[in-house]
Amino acid sequence: GTGGIAIVCAKKKADVTALDLDKDSIELAKFMAKKEKVKIKFIIEDVFKEKFNRDFDIIFSIDALEHINAEKFIRVFKNHIKPGGYLILKVNNKLFPYDPHTQKYLIHLLPVKTIDSLLKKYYWNFFRTYKSYSEIKLPTYFSLVKLLSKFKDLNFKIYPLFIPFLPYVREKYFDAYQNISGLNPIYKISPIFRNRFINRLFINRFTNLICQSFLIICEKNED
């Protein structure tokens with residue numbers, strides 16, 4: 001990326017190493033680091049080829065997981081986290097209606113051949129960066145759980161980021177209950193139970209499906 005998180009960490013006096021395969025991104029990050037007067041070690045290299053000579057307390061990865069072999073990526077980095085350290089990942093959600101890679105709505109839910117055909121016709125700029133949409137592997141909440149469960153030495157939590165439409169949906173949901181409150185036993189039991197029920201329904205399930213992206217925090221076991 002352009003070094004935003006690296007610069008924030010460096011300002012907190014952390015010893016920061018920033019890696020990216022894209023030379024232009026690294027050059028921009030160097031410029032921003034110099035402007036902010038912070039010291040960061042920058043590396044231009046493929047993450048799978050770089051031979052790290054140290055372990056880290058925290059490793060961040062922002063919007064990279066969908067572009068590479070996710071399992072291999074996590075396996076490489078978890079081996080360079082100190083016991084008790086963290087691997088923090090941010091990745092886009094396949095089920096969110098808008099796709100940032102194509103800048104289109106819902107197109108990413110179609111078969112890859114159809115996506116490529118439509119992009120060649122209506123958004124050919126996409127192919128300046130990618131050869132095919134098959135290079136992008138957006139995960140869902142359930143695919144992330146399945147993937148992360150393979151790593152027994154990592155304790156992970158997945159948090160939804162940017163929950164779209166939720167205030168509108170919850171408002172309508174409450175209105176529906178209020179309109180039939182005389183008939184609905186859940187609404188009549190108690191406000192505390194009712195709020196827990198709605199939070200459990202929307203925040204714990206609904207938002208994991210349609211959130212824009214996920215924040216994944218993995219803690220490496222100390223033993």
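These legends describe close-up views of aromatic rings in a predicted model.

**View A. Tyr141 and Phe142 form an edge-to-face pair.** The structure holds nine aromatic pairs, one of which joins Tyr141 and Phe142. Tyr141 is partly exposed, with a relative accessible area of 23%, whereas Phe142 is exposed at 54%.

**View B. Tyr141 and Phe214 form a tilted pair.** A pair of aromatic rings is described by the distance of the centres and the angle of the planes. For Tyr141 and Phe214 the centres lie 6.3 Å apart and the planes are at 45 degrees, so the pair is tilted. Tyr141 belongs to helix H5 (residues 141-148) and Phe214 to strand E8 (residues 213-220), so the pair ties together parts that are 73 residues apart in sequence. Phe214 has a relative accessibility of 0% and counts as buried, while Tyr141 is partly exposed at 23%.

**View C. Four phenylalanine rings form a cluster.** The members are Phe52, Phe56, Phe73 and Phe77. Ring pairs link these four residues.

**View D. Lys72 sits over the face of Phe48.** The distance from Lys72 to the ring centre of Phe48 is 4.5 Å.

**View E. Lys120 sits over the face of Phe127.** Here Lys120 is 5.9 Å from the ring centre of Phe127. This value is within the 6 Å cut-off for a charge over a ring.

Methods
Residues are numbered from 1 along each chain as its sequence is written. This is a predicted model: local features need pLDDT of at least 70, side-chain atom pairs count only at pLDDT 80 or more; totals for chains, interfaces and linings use all residues. Side-chain values use heavy atoms; hydrogens and water are left out. Rings of Phe, Tyr and Trp (its six-membered ring) pair if their centres lie within 6.5 Å; planes under 30 degrees apart count as stacked, over 60 as edge-to-face and the rest as tilted. Buried means under 20% relative accessible area, exposed over 50%, partly exposed in between (1.4 Å probe, protein chains only). Helices (H or I, at least four residues) and strands (E, at least two) are DSSP runs, numbered from the N terminus. A charge sits over a ring if NZ of Lys or CZ of Arg is within 6 Å of the ring centre and within 35 degrees of the ring normal.
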